[in-house]
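Here's a quick tour of the structure below, grouped by topic. Keep the 3D view open while you read.

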Amino acid sequence: MARNDIEYAEHLGRMRARLLPVLAFMFIVQQMSFFASHIEDPARLVDSVKIGAWLVMSIMLLLILTVDGAWLQRPSVRALLYDEVTRAHRAAAARVGFIASMFGGVFLYFLTFVEPVSGRDAIHLLVTVGIATALIRFGVLERRAHKGG
């Protein structure tokens with residue numbers, strides 16, 4: 001394995017660690033705008049675009065969390081980017097995201113006693129909480145690893 005591959009993989013890993021929390025923030029802001037301007041009719045083109053943007057962003061972020069990316073990189077760089085430590089961080093992030101989603105479900109359950117919540121709104125909230133929490137956790141663990149502890 002060439003020294004350039006190691007340095008390049010280190011650079012990409014640090015960049016990934018910095019970008020994950022930023023992506024989570026962007027995702028949360030997008031969802032805040034979704035809930036601020038509630039969709040009355042999902043058949044309207046504007047509302048369909050909003051829903052489509054949320055769906056595309058959700059799938060993209062799930063892929064980042066679950067799939068070994070960097071498909072355009074050399075196999076040696078990919079192997080360095082997705083080592084055992086990164087896999088452990090990803091598993092820990094998925095666990096935290098799942099737990100956050102379950103707490104979100106409990107919150108929604110009790111919220112329905114006070115105010116009705118549509119199925120779409122509940123799904124949006126649960127998916128947002130789960131993905132954003134997992135992204136933040138993954139980013140924090142990766143940054144900590146790159147700082148040496």
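Let's start in helix H4 (residues 84-114), where tyrosine 109 and phenylalanine 113 both sit, four residues apart, or about one turn of the helix. Bear in mind that this is a predicted model.

**Aromatic rings**

- A search of the whole structure turns up three aromatic pairs.
- One of them joins tyrosine 109 to phenylalanine 110, edge-to-face, with 5.3 Å centre to centre and 80° between the planes.
- Why does the pair of tyrosine 109 and phenylalanine 113 count as edge-to-face? Their planes are at 85°, and the cut-off for edge-to-face is over 60 degrees; the ring centres are 5.3 Å apart.
- Put together, Tyr109, Phe110 and Phe113 make one aromatic cluster.

**Nonpolar cores**

- In soluble globular proteins, nonpolar side chains tend to be buried together.
- The largest nonpolar core here has 14 residues, and the members touching the most others are Phe27, Leu61, Leu65, Ile131, Leu135 and Phe138.
- Helix H1 (3-36), helix H2 (45-66) and helix H5 (119-146) each give two or more residues to this core, with H5 supplying the largest share, five residues.
- Take phenylalanine 138: leaving out residues up to four places away in sequence, its contacts are Leu20, Ile64, Leu65, Thr86, His89, Arg90 and Ala93.
- There's also a second, separate core of five residues, including Ala9, Leu12, Leu81 and Tyr82.

**Glutamate 142 and arginine 16**

- What does the side chain of glutamate 142 pair with? A polar contact of 2.7 Å links it to the side chain of arginine 16.
- Not counting residues up to four places away in sequence, glutamate 142 touches Arg16, Ala17, Thr86 and His89.
- Arginine 16 also lies over the face of tyrosine 82, 5.0 Å from the ring centre.

**Tryptophan 71**

- You'll find tryptophan 71 in the loop between H2 and helix H3 (75-81).
- From C-alpha to C-alpha, tryptophan 71 and glycine 13 are 14 Å apart in space, while 58 residues separate them in sequence.

Technical notes: Residues numbered from 1 in each chain as written. Predicted model: local features only at pLDDT ≥ 70, side-chain atom pairs only at ≥ 80, totals over all residues. Heavy atoms only, no water. Core = buried A, V, L, I, M, F, W, Y, C linked by side-chain atoms within 4.5 Å. Buried < 20%, exposed > 50% of the residue type's maximum accessible area, 1.4 Å probe, protein only. Contact = heavy atoms within 4.5 Å. Polar contact = N/O pair within 3.5 Å; in protein donor to acceptor, adjacent residues only side chain to side chain. Phe/Tyr/Trp six-rings, centres within 6.5 Å; stacked < 30°, edge-to-face > 60°. Lys NZ or Arg CZ within 6 Å of the ring centre and 35° of its normal.
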